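Please read them with the structure open.

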Amino acid sequence: MEKSAQTAPLRRPRPHFDLCYNSVNYDMLIAPSIADTAAPPMEQTETKGRELTHAICRIQAWPVGLLGVPFDNVTKAEAVARIETMIATRLPHYVVTANVDFLVQARRDVELQRILLEADLVLCDGTPLLWASRWLGNPLPERAAGSDVVPLLIRAAAEKGHRIFLLGAGPNVAAEAADRLQQQHPTLVIAGHYSPPFHDLLDMDFAEIARQVKAARPDILFVSFGCPKQEKWIAMHYHLLGVPVLIGVGATLDFIAGRIKRAPVFMQRTGTECIYRLAQEPRRLARRYANDLFHFVPSITRQWWNLRAPPRPSTTAKFMTVVRTPDWQQVWVAGDFSAAALNGKQSLFDEARQTPNHCQLDLSQVRFLDSTGVAVLVQWRKRLHVHGKQLMLFNPSAKVLHTLKLMRLTGHFWIVAQPAGAPHPVDAMQASEPVIPPYPGGHTLAWQGEVVAANAGAVGDLTMQHLASIGAPPRQTFIIDLTRLRFIDSAGAELMRRLRAWARHLQKEIRFLGSQPDVCNVLRLAKLGDLLETTRR
């Protein structure tokens, strides 16, 4: 039996929703969702809030996966409506406005890829992405750039009394943007603005930012630190701030403040705005645009070539519940899992509202998986994982495995290949604790699964508790085994740095051994190479 991503996911409070597959309720699958993280049991008020989101935010078109990232198939007006619904729930959400550079960076940054996969709403902020969706057979309706959506949100906020907060950009930019917005919209409630001193992500003064944001009590927090810093900062902190919606907006505050001029409308519509921006900031943007062009064009061409429709009539995807128990269910899928096969099948999913159980998805008879099918799988997994449940891809066909590998999503799913007649590994779906204590008399403990923003505090407390209880190790060195740790985010990297500082304060040392490739990737990009040196056996 082969597995990937075996440990149970971490989760935050999410509403109860029903998922029982004689057919699949797609409205429930692709409603807005939050990153997979650990949290206390859901309160009834939170459940009602999320059910409100699901009841109102109905998607009328399938998402499309571009280089593995599922883009929501919405117009600018629909995006604003969904964000207003998020505000109504009073629960934390984050929105991503992704362009080509986001996708290129996510190819080499596993943390950014995870953030994009788990965002509550992913908008198309780039005409090349719009073109790509057309080539892939599931066209997005229009470009929904942050610089276009933000003014619409501000207008809606002024009309409905939503409070906004402007965070980031250069010195005084947020203040200038606030002044201009107040002049343009006298009824707009600008709860606050703050341009913090420039620091690397893990060196920023989160306590001061949190103090100002919490005191202002905004409904929408616009964050302008640039990609990927703003996305990582949001993912680390959005569940702690009490703000319903956080959006990374890049240079939008500079546009509003008048520091940078937007391209003429005809250039925005024809996809040549990048030329105008390049003329404004050639030193900063020339290398980025060249790198994006070099990596994006071959990658999206490879996706189009491999995921193009087969030269035969498309067969309708068929869903059938094979086995159902109180704890899990097995769903068999056959035929083409593609936009053409799924198109118009939303009505089939209206019956799927009974149990949010673990799901074994048998894909052995899937003959074709296109960009839309990939996006549906990613969002299906997300909808289950927010309840601490797993989507197991059971005996996926060679075509499915090839497609997931091409999209660099193999490690994102739990994949089980098992001979016919073998027992189903349902018991393995149960959750595991992230910290494994040392054996009696030992000086080594282990982390497993994921250490991310939502559980980093608890993992740190447990780790220090165990290390403090085992006494002085030989040569004053504690060992934390990372061989079972599948993923960390920037919060996990910061925890490792703090634990090392804590040990040195006690005149001891901590060594992190056996880190996996994704963990190494996060540490390198977080500029914690010195920690990475201690992970080698």
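**Notes on the model**

1. Start with Tyr 238. Its relative accessibility is 0%, so Tyr 238 counts as buried (buried is under 20% relative accessible area, exposed over 50%, partly exposed in between, with a 1.4 Å probe and protein chains only). Tyr 94 counts as buried too, at 2% relative accessibility.

2. Ground rules. This is a predicted model, where local features need pLDDT of at least 70, side-chain atom pairs count only at pLDDT 80 or more, and totals for chains, interfaces and linings use all residues. Residues are numbered from 1 along each chain as its sequence is written, and side-chain values use heavy atoms, with hydrogens and water left out.

3. Confidence. The chain has a mean pLDDT of 82, and 80% of its residues reach 70 or more (pLDDT is the predictor's confidence in each residue, from 0 to 100). Over residues 1-59, pLDDT stays under 50. The model still has 224 contacts beyond four places in sequence for residues 1-59 (a contact means heavy atoms within 4.5 Å). Residues 349-354 also have pLDDT under 50, with 26 such contacts. Where pLDDT is low, the predicted coordinates should not be read in detail.

4. Aromatic pairs. The whole structure holds five of them (rings of Phe, Tyr and Trp, the last by its six-membered ring, pair if their centres lie within 6.5 Å; planes under 30 degrees apart are stacked, over 60 edge-to-face, the rest tilted). One is Tyr 94 with Tyr 238: the centres are 5.0 Å apart and the planes at 70 degrees, so this pair is edge-to-face. Tyr 94 lies in strand E3 (residues 93-98), and Tyr 238 in the loop between helix H10 (229-237) and strand E8 (245-248), so the pair ties together parts 144 residues apart in sequence. Helices (H or I, at least four residues) and strands (E, at least two) are DSSP runs, numbered from the N terminus.

5. A second pair is Trp 447 with Phe 512. The ring centres are 6.0 Å apart and the planes at 50 degrees, so this one is tilted. Trp 447 belongs to strand E15 (residues 444-451) and Phe 512 to strand E17 (residues 509-513), so the pair ties together parts 65 residues apart in sequence. Both Trp 447 and Phe 512 are buried. Elsewhere, ring pairs link Phe 206, Phe 225 and Trp 233 into a cluster.

6. Which strands hold the edges of the sheet with E14 and E17? The sheet is open, has four strands in the order E14-E15-E16-E17, and its pairing is mixed. Strand E14 (435-436) and E17 are the edge strands, each pairing on one side only. Strand E16 (residues 477-488) pairs with E17 in the parallel sense over five bridges (two strands pair if DSSP finds at least two bridges between them). Phe 478 has Ile 510 in E17 as its bridge partner.

7. Strand E3. Six of its six residues are buried. His 93, Val 95 and Thr 97 point one way, while Tyr 94, Val 96 and Ala 98 point the other way. E3 pairs with E8 in the parallel sense over three bridges, and with strand E4 (residues 121-124), also parallel, over four bridges. Val 95 takes part in both pairings: Ile 247 is its bridge partner in E8, and Leu 121 stands opposite in E4.

8. Asp 125. This residue lies in the loop between E4 and helix H6 (127-135). Asp 125 is buried, because its relative accessible area is 15%. A polar atom of its side chain lies 3.3 Å from the backbone nitrogen of Gly 146. Beyond four places in sequence, Asp 125 touches residues including Thr 97, Ala 98 and Asn 99, and Arg 143 is also among them.

9. Charges over rings. The charged end of Arg 114 sits over the ring of Phe 487, 4.1 Å from its centre (the rule is NZ of Lys or CZ of Arg within 6 Å of the ring centre and within 35 degrees of the ring normal). Arg 262 lies over the face of Phe 255, at 5.8 Å from the ring centre.

10. Val 189. Its place is in strand E6 (residues 189-194). At 28% relative accessibility, Val 189 counts as partly exposed. Leaving aside neighbours within four places in sequence, Val 189 is in contact with His 162, Arg 163 and Ile 164.

How values were computed: Polar contact = N/O pair within 3.5 Å; in protein donor to acceptor, adjacent residues only side chain to side chain.
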